[in-house]
Amino acid sequence: LRREDEFARRRTRRVAGQFLPCMVAGLCVTAAVGRIGGAMVPILPGTWVVLFALGVFAARPYLPRATGWVGLYYLVAGAGLLAFAAIDLARAGLALGFVFAAGQAATAIVLQRNRERHADV
């Protein structure tokens with residue numbers, strides 16, 4: 001908030017605005033599954049990852065181009081979690097943690113490389 005100019009802050013608000021609907025959708029799905037009962041709980045990790053992928057794709061016009069690859073990773077990983085929805089929620093939680101750890105690391109690499117590229121120019 002203190003280091004960037006007004007244009008950069010406005011861009012940050014736009015990216016957050018593009019990403020917010022997928023987060024709200026994840027909250028709605030989680031609340032609905034909580035009301036319905038435990039039978040659908042095993043699909044939550046995969047659903048969260050797929051929704052997160054949609055948010056990454058929605059925010060992509062405002063982010064570095066390589067962010068699309070990160071979104072694709074989340075989409076494929078989410079589809080895998082859905083395809084192999086674990087009955088054992090401990091394993092599902094562990095898998096979800098690994099998916100997000102790898103995805104956030106990839107996002108950090110993309111953003112750092114983009115920053116270094118612009119610093120060299």
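This is a predicted model: local features need pLDDT of at least 70, side-chain atom pairs count only at pLDDT 80 or more; totals for chains, interfaces and linings use all residues.

Q: Which helix is Thr-67 found in?
A: Thr-67 is found in helix 3.

Q: And what does Thr-67 touch, not counting residues up to four places away in sequence?
A: With those neighbours left out, Thr-67 touches Val-56 and Val-110.

Q: How far apart are the C-alpha atoms of Thr-67 and Val-56?
A: Their C-alpha atoms are separated by 7.5 Å, and the two residues are 11 apart along the chain.

Q: What else does Val-56 touch?
A: Leaving out residues up to four places away in sequence, Val-56 touches Phe-19, Gly-71 and Tyr-74 as well as Thr-67.

Q: Which residues have the most contacts inside the largest nonpolar core?
A: That core has 13 residues, and those with the most contacts inside it are Phe-19, Val-49, Phe-52, Val-56, Tyr-74, Leu-81 and Val-99. Helix 1, helix 2, helix 3 and helix 4 (89-120) are the elements that give two or more residues to this core. In soluble globular proteins, nonpolar side chains tend to be buried together.

Q: Let us turn to Thr-47. Is Thr-47 buried or exposed?
A: Thr-47 counts as buried, because its relative accessibility is 16% and the limit is under 20%. Its place is in helix 2 (residues 44-59). Thr-47 touches Val-29 and Leu-82, again not counting residues up to four places away in sequence.

Q: Now the overall picture. How many helices and strands does the protein chain have?
A: The protein chain has four helices and zero strands. Its C-alpha trace spans about 55 × 25 × 20 Å along the principal axes. Of the 121 residues, 27% are buried.

Q: Last topic: where is confidence lowest and where is it highest?
A: Confidence is lowest in helix 1 (residues 6-36), with a mean of 86, and highest in helix 3 (residues 67-83), at 94. The protein chain averages a pLDDT of 87, and 96% of the residues score at least 70.

Key
Residues are numbered from 1 along each chain as its sequence is written. Side-chain values use heavy atoms; hydrogens and water are left out. Buried means under 20% relative accessible area, exposed over 50%, partly exposed in between (1.4 Å probe, protein chains only). Contact means heavy atoms within 4.5 Å. pLDDT is the predictor's confidence in each residue, from 0 to 100. A nonpolar core is a set of buried Ala, Val, Leu, Ile, Met, Phe, Trp, Tyr and Cys residues joined through side-chain atoms within 4.5 Å.
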